[in-house]
Structures are given as C-alpha cells and as structure tokens.
Amino acid sequence: MLLNPRVLVLDFAVYTKALTKIYSGGSIGVKDLDLRVSSGEIYGLIGPNGSGKTTTLRIIATLLKPTSGEVYVYGVDAVRNPLEARRLMNYLPEEAGAYRDLSGLDFIRFMLSVRFSGRRLEEAIGEAIDIADLGRDLNRPIRGYSKGMKRILALSVVLASRPRLLILDEPTSGLDVERSIYVRNLIKRYNRDYNVTVLLSSHNMLEVEYLCSRVGILYRGRLLAEGSVEELKSKVGGVNLEEVFVKIKGESS
Amino acid sequence: MTLKPLVVREVKAFIKNPAFILSIVLIIAFYGLMGKMVSTGIQTAVEQTMGIHIGVVLRDSSNFTMSVLSLANQTIGGRLKIVDSVDSGLRSYDVVFVIPQNFSTRALEPGMSIQLEAYVKIDSISPVVSGAKTGLASTIGDLIRKSVSLIIAVERNIDPSLIDKPVIVNSTIQVYGKSMSIEEYSAFTSFMGFMPLMIAIIMGINAMYASQFTAIEKVEKAFEMLLAQPIPRRNIVLAKIIGSIISSLIMGGAYFAGMLLVLMGATSTPPPAQDVQSVGINPGELLYGKIGFNSLLIFVGSIVLGLMYSGALGVILGSIVSDERIAGAFTAPILFIFIGIAYALVFVGLPINTVTGVIAGFTIAPLPAVVVVSSMTSKLEVLAVSISLALLSTVMIIILAVHIFNRDIVILGVRLGRFKRREKS
C-alpha cells in the first residue's frame with residue numbers, strides 16, 4: 001500500500017527529505033539528511049564542530065535556504081511558506097544575545113509583541129518574567145548583564161511564546177552548573193506540560209542523555225545513526241552516549 | 001613599553017581589514033576621477049569666458065562716450081559689440097552693459113560717480129562659470145573707469161592717476177530667464193551649492209546609521225532570533241529604514257538648531273549706522289518668488305527620497321557585513337561618494353538635460369539642483385525623468401534590501417578574504 005506523502009509529513013513536527021546545503025565555495029553543510037522529529041518529543045542532534053548541526057537547525061528555522069531537499073514543520077513547507085512555518089516554532093540560536101540598550105523587560109516585551117497582543121501578550125510577558133527570574137535586574141539595560149543572564153532572558157522569551165516546535169542550538173552553552181540544571185528542567189517542563197516539541201543540539205552528552213527521547217548523530221553533514229539513547233548504546237556496545245558517539249564516529253572515519 | 005604592541009595591533013586590525021582597504025581604494029579612485037571632472041569644468045569655464053563678447057546698449061552717443069568705448073574696446077581686444085536693447089543683446093551675448101544717457105555728463109562733472117547697468121545671463125549651475133561671468137561684469141566696469149580717466153587726462157593734458165572717477169555697476173543676473181539682483185543671485189547660488197551638499201551629507205549619515213544599527217544587531221546576537229520570528233522580512237527592513245530616517249532627522253534638527261544658534265550669535269552685533277545702506281534679502285521671498293513653490297516641494301520630496309534610498313543602502317550594507325566596524329568602513333566612502341556626485345554635477349557645470357536627469361535620478365544627491373533648474377527652465381521632460389528615476393531607484397533599492405533579507409547572505413555575511421566566516425556547526 002502506498003503511503004500518502006502529505007499524511008506522512010503531517011505526522012511529524014519536523015520532516016526533512018534529502019536535505020542538502022552546500023555553501024558557496026563547495027563546503028558541505030548537510031547532505032541528504034532525512035530527519036524525522038515526532039510531535040511532543042525532545043530530539044537531540046549531536047556531532048563534532050562542523051558536522052552540520054547549526055546548519056540543519058538554521059534551515060529548519062527558515063534562516064537558511066537549502067540547496068535541495070524538503071523541510072516541513074507540522075506539515076508546513078518551511079522553504080515555500082517560511083512565515084507560516086515560523087508561526088509554529090521559535091528558535092534560540094547559540095550565543096543568542098539581546099539588544100544591549102534595552103532593559104530586560106523591554107526586550108521581553110518587544111520579542112513577544114511580534115507574536116502576541118492584548119491579554120495574551122501580558123500573560124506571555126508575565127510568564128517570561130517568571131522564567132527569567134532576574135528580579136530587579138529586568139529593569140536594568142542588558143549591556144550590564146552577564147552571559148548567563150542574557151541566555152536565560154533569551155530562553156525565557158522563546159519558552160513563553162509556547163511554540164509547537166522549539167529549536168535550541170546548544171541551550172546551556174556557557175552557563176554555569178546551576179543555570180544549566182535550571183534550563184534543562186525548564187525544557188523538560190515545557191515539553192511535558194505544554195507538549196512543546198524540542199529539537200536541540202548540544203556538545204554536552206550528559207545533557208542530551210538527560211533530556212532527549214531520541215538522538216541523531218551528525219558527522220560531516222550526514223546522519224550516521226539515530227535512535228533512543230538506550231538503542232544507540234546497545235547498538236554499538238557503549239556505556240554512555242559519549243562512548244557511543246566516539247565509536248560511531250570512529251566507524252564512519 | 002606595552003604601548004607599542006598595542007598600537008601595532010590596533011593598526012594591523014585596520015589595515016588588514018578588507019573593507020578598510022576597499023574604502024581607501026574607493027575614495028582615491030572616486031576623488032581622482034572627480035578631480036579630473038572639476039578640472040574639466042574649470043577649463044570649460046575659462047574657455048567660455050576668455051572669448052566672450054559683451055553687448056553694449058548705447059544711450060549716450062556723445063564724442064566723449066564714443067572715445068571711452070573705443071579705448072575700452074581696443075583694450076579688451078574688440079569684444080565690445082553695440083546692440084539695440086538689453087533683450088536683443090542678451091539673445092546674442094552673455095553680458096550686456098547699458099551706457100546711460102547721462103554718462104558723459106556725470107563722467108565730466110567733478111565729484112560725480114558714473115552709474116552703469118550690467119546684465120549677465122547665466123545658464124549653468126557651475127559656480128565657476130557663473131563666477132567668471134559676474135567677474136567679467138566687474139572687469140568691464142573697471143575698464144570703463146580707467147578709460148574715462150585716460151580720456152579726460154588726455155583731453156585736459158593731466159596725469160591720469162590724478163583722476164579718480166568712481167564707477168558703480170548695478171548688475172542684474174538673468175538665471176535661466178529669471179531676473180535677480182546680485183544679492184539675490186548670491187543667495188540663489190548659495191542655495192544651489194549648499195542644498196546638494198546638505199542632502200549628500202544627510203544621505204551619507206543616514207546610510208551610516210542604518211548600516212550601524214543593522215550590524216550592531218548582528219553583533220548583539222539578537223538578529224537571528226528576530227529573523228526567526230513570524231514577521232515578514234519586508235517589515236524588518238522598512239522598520240530599519242524608518243528608524244534610521246527618524247534618527248537622521250533628529251540629528252539633522254540638532255545640526256540646524258546649532259547652525260541657527262551660530263547665525264543668531266553672529267547677527268547679534270550692534271546695528272549699522274543709519275547712513276549705511278543695508279541690502280536685505282528675504283530668503284522666503286527669494287525661494288518662493290524666484291525658484292517657485294513646486295520646485296521647493298519637489299526639493300523636500302527629494303530629501304525624503306534621499307533618506308529612504310540611503311537608509312535602504314545602509315540596511316543592505318549592515319546586513320551583509322559581520323560587524324559595525326566593517327559596516328563603518330564601507331559606509332564612510334559612501335558618504336564621500338554622495339558628496340562627490342552632488343558636487344561633480346555642480347562643478348563640472350553639466351547642462352541640465354535628460355542625461356543629467358538620469359544621473360540625478362539614480363544618485364538622488366544632485367536631484368534638487370536638477371529639479372530646481374529644470375523647473376525654472378520649464379524642461380518638463382528632465383523634471384519627469386529625474387523624479388521618476390529617483391522614485392524607481394528608491395523603490396528598487398528597498399526591494400533589493402528585502403530580497404537580501406530573504407537570502408542566506410543576511411545570516412552568513414559576505415565572505416571577504418581572510419574574514420571568511422566559517423559556518424559554525
């Protein structure tokens with residue numbers, strides 16, 4: 001029986017088919033990537049620097065256009081209808097900062113006002129203020145914030161927007177242990193309580209093991225392996241995700 | 001001891017920046033070209049005025065007057081030509097003198113000055129050409145003064161240096177068919193010279209603001225987050241352009257307020273003595289009466305277009321560079337280029353025709369000069385071409401900015417030499 005492609009696409013929060021990105025100069029960002037992220041799951045992309053994680057996330061977030069291939073977000077063609085796709089998701093880039101001349105509160109209001117208005121906007125702002133938990137610092141200009149404070153502020157905005165798909169590029173990069181734990185718990189909570197699908201990338205294997213229901217290993221733009229942490233461990237006989245990663249990368253090289 | 005490596009690092013950071021090097025090359029190349037253009041303009045002006053003939057309307061045909069004119073004509077190489085009237089004279093010559101009926105009477109009467117009327121026709125916006133022509137009128141006045149002194153000295157057999165006969169030349173300038181006093185003409189030329197420069201500066205500053213705002217947003221790392229929001233990129237571009245325009249207007253307002261304070265300070269001197277005749281120019285009357293309301297309206301419109309045009313240009317530059325340092329290095333030469341284009345047209349003294357209308361339409365900065373002149377001379381096709389192209393080029397550059405905001409380049413930036421941004425992943 002032939003599957004209806006449209007139904008197949010709608011089944012996933014993220015569906016990419018033969019996704020390829022070749023930069024000017026010929027360097028490969030991703031090559032023939034078939035990625036499927038189910039609705040409601042937390043999916044982790046891991047891989048060394050230059051493996052194509054950020055490229056993949058940026059394409060799905062509609063920031064980059066693929067050279068070829070297809071990308072769907074909840075059935076919406078992200079290449080042809082980027083605006084519609086953006087309404088369904090939010091994206092936190094790696095090292096995402098904020099406008100240094102705004103106060104934290106102004107930044108929250110500005111970023112959420114492009115999505116919401118009226119009462120819903122005020123609710124979202126309140127939620128972001130709670131998440132950021134920056135107290136009086138929210139009224140200070142962002143230029144005086146530490147890296148961790150800026151990261152939490154940016155994260156508060158994307159979480160409070162409660163997108164159906166949340167794309168996080170190395171969400172705890174540069175954060176101290178306490179803040180990292182706080183962020184991981186937030187991601188878990190929003191995934192559980194609000195059914196927010198999360199697609200994240202990370203170099204922190206412990207974080208990926210803790211958060212992700214499924215993991216994809218990218219290397220040189222290709223998806224080498226995919227599955228739950230336990231499946232991957234048993235597949236290559238590794239005791240933890242770090243070992244799995246090193247073994248799979250070794251086999252590929 | 002630690003200063004030297006710090007300075008070396010700072011200098012290296014600049015000179016190894018491709019944008020910085022490119023901006024230097026651009027400035028040198030552009031101003032080298034502009035120097036040649038200005039030189040051509042000056043040469044043309046000199047050639048035009050060297051061989052110019054001067055019409056003379058003779059209302060006093062006494063023997064004395066004829067002797068004075070004959071001597072003056074010999075001295076100037078036979079360039080004085082008798083004409084019937086001022087109008088017919090101006091049809092053939094660029095400078096016409098009127099020798100009044102009482103010329104010989106006043107010349108021969110001790111203690112009286114000679115009054116002459118001069119009419120100068122100027123059909124160029126080049127200050128070099130117009131300056132040369134008005135200068136020629138003064139030269140002829142001086143020549144007549146000397147000729148009068150010499151003829152009287154010869155007739156009375158006295159030393160010519162003992163005779164000092166003042167000659168007052170009342171000049172009327174016909175600029176593109178509109179008559180102006182010399183004071184009004186000075187105000188007009190100041191307007192024509194100042195306005196393109198002002199627009200060029202406003203455009204340059206606006207482009208700089210727009211590029212800096214956009215580049216800083218990238219440095220602040222908020223840019224990708226903003227681009228991932230469900231907002232049409234067109235709105236982001238327009239907001240940036242409008243933001244830079246508002247900032248430029250605030251800056252422009254502060255600049256003019258400052259200028260006004262300087263002028264107020266300069267004019268708060270004691271009033272002149274009653275016997276000194278002051279010559280007052282009402283700028284509003286001059287602009288409205290001589291240049292026309294429509295031209296002024298279009299002039300204001302060209303400022304608005306210039307701001308939109310330069311804002312979009314700045315947004316494009318800011319969006320394709322990686323930081324505000326490179327944006328600054330790129331936009332500085334743009335400021336000079338706008339000024340250069342505005343002045344090249346004025347200095348070269350190019351005729352106002354369809355070609356110059358096209359240049360003004362695409363570059364905006366010289367648009368006010370072209371619009372004012374083409375409106376004064378009723379060259380409606382030039383007016384239409386320059387304004388249509390200015391509108392078109394402004395819309396096109398905004399569309400280009402939106403197009404760039406929808407491409408990868410806005411995220412990845414332009415990859416220049418060693419500043420190539422490696423895609424981080």
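**The largest nonpolar core**

Guide: In this predicted model, the largest nonpolar core has 102 residues, and the members that touch the most others are Phe97(B), Met203(B), Ala312(B), Phe338(B) and Ala365(B). The element that gives the most to this core is helix α7 of chain B, residues 182–219, with 14 residues. Both domain 1 (45–175) and domain 2 (189–263 + 283–419) of chain B give residues to the core, so the core lies between them. In soluble globular proteins, nonpolar side chains tend to be buried together.

Phe338(B) shows the contacts of one such member. Leaving aside neighbours within four places in sequence, Phe338(B) is in contact with Ala200(B), Met203(B), Gly204(B) and Ala365(B). Two of these partners, Met203(B) and Ala365(B), are also named among the residues that touch the most other core members. Another core lies apart from this one; it has 82 residues, including Tyr190(A), Cys212(A), Ala222(B) and Phe223(B).

Chain B is divided into the two domains already named, and their C-alpha centres lie 46 Å apart. Chain B contains 16 helices and six strands. Of its 425 residues, 41% count as buried. Among contacts in chain B between residues at least 6 apart in sequence, 80% join residues at least 24 apart.

Chain B also meets chain A: 16 residues of chain B are in contact with 30 residues of chain A. On the chain A side, α2 (53–60), α3 (82–88) and β7 (89–92) each supply at least two residues. The most comes from α2(A), with four residues. By class, this side of chain A has twelve nonpolar, ten polar and eight charged residues.

Within chain A, Tyr43(A) gives a view of one buried position. Tyr43(A) sits in strand β4, residues 42–46 of chain A. Tyr43(A) is buried because 23 other C-beta atoms lie within 10 Å, where 20 or more are required. Not counting residues up to four places away in sequence, Tyr43(A) touches Val37(A), Val198(A), Leu199(A), Cys212(A), Arg214(A) and Gly216(A). One of these, Cys212(A), is listed in the core of 82 residues. Tyr43(A) and Ile167(A) are 124 residues apart in sequence, while their C-alpha atoms are 9.7 Å apart in space.

Terms used
Residues numbered from 1 in each chain as written. Chains lettered and ligands numbered in written order. Predicted model: local features only at pLDDT ≥ 70, side-chain atom pairs only at ≥ 80, totals over all residues. Domains from an automatic or database assignment. Core = buried A, V, L, I, M, F, W, Y, C linked by C-beta atoms within 7 Å. Buried ≥ 20, exposed ≤ 12 C-beta atoms within 10 Å, placed from the backbone. Contact = placed C-beta atoms within 7 Å. Nonpolar A, V, L, I, M, F, W, Y, C, P; charged D, E, K, R; others polar.
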